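Dear colleague,

Please find the structure below, together with its sequence.

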Amino acid sequence: TDTSKLTYADVNKTTWQAQVIAKAVELNIVSTENKNFRPNDNISRAEALKILIGASWVKVSETTTSSFADVTVAWMKPYTETAKNLGIVSGQMVNWKLVFRPTASITRAEVAKIVVETTELK
């Protein structure tokens, strides 16, 4: 994969990460709208869900509403709603409200569950 076109300021184009990120950009799995990719940071639950849903080629809902009380950012809503409607995620009840915790870091176990659930859709 050609890494020369990567525009993220924090991605060294000679690392193994650059090739993976460049391929994800090429396949429209990740966006180039942000200046930084943050390759060494923890990933949030919403960010991971977006990447995993995108990589599974699931048609994403165009909704502007959310079943989750704590999903208020516009770009998150279609991914979390699609995942909820497909049974990939369910959320949890906190103070009588359904929440997703979109900005919390995701665990390996949660990623594994999403991967299994999305691969079983096909």
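The largest pocket holds about 860 Å³ of space. A pocket is here an open set of points on a 1 Å grid over the protein atoms alone, where a 1.4 Å probe fits, with protein on both sides within 12 Å along at least five of seven lines; lining residues have an atom within 4 Å of a point. Grid points are joined across faces, edges and corners, and the volume is the space filled by probe spheres set on the points. Of the 25 lining residues, V30, F37, I43, E47 and I51 are the closest to the centre of this pocket. Helices α1 and α2 are the elements that give two or more residues to its lining.

The model is predicted: local features need pLDDT of at least 70, side-chain atom pairs count only at pLDDT 80 or more, and totals for chains, interfaces and linings use all residues. Residues are numbered from 1 along each chain as its sequence is written, and side-chain values use heavy atoms, with hydrogens and water left out. The protein chain averages a pLDDT (the predictor's confidence in each residue, from 0 to 100) of 91, and 99% of the residues score at least 70.

Helix α1 (residues 16-26) has Q17, A18, I21, A22, A24 and V25 buried. Seen down the helix axis, these buried residues fall within an arc of 160 degrees, so they line one face of α1; the arc is that of the directions from the axis to the C-beta atoms. W16 and V20, on the other side of α1, are exposed. Buried means under 20% relative accessible area, exposed over 50%, and partly exposed in between (1.4 Å probe, protein chains only). Helices (H or I, at least four residues) and strands (E, at least two) are DSSP runs, numbered from the N terminus.

The largest nonpolar core has 17 residues, of which L49, I53, V89 and I114 touch the most other members. Such a core is a set of buried Ala, Val, Leu, Ile, Met, Phe, Trp, Tyr and Cys residues joined through side-chain atoms within 4.5 Å. Its largest share, five residues, comes from α2. A second, separate core of ten residues includes L6, V11, A18 and I29.

N28, in the loop between α1 and α2, has a positive phi near 60 degrees and is exposed, at 67% relative accessible area. R101, in the loop between β2 and α4, has a positive phi of about 60 degrees and is partly exposed, at 33%.

With kind regards
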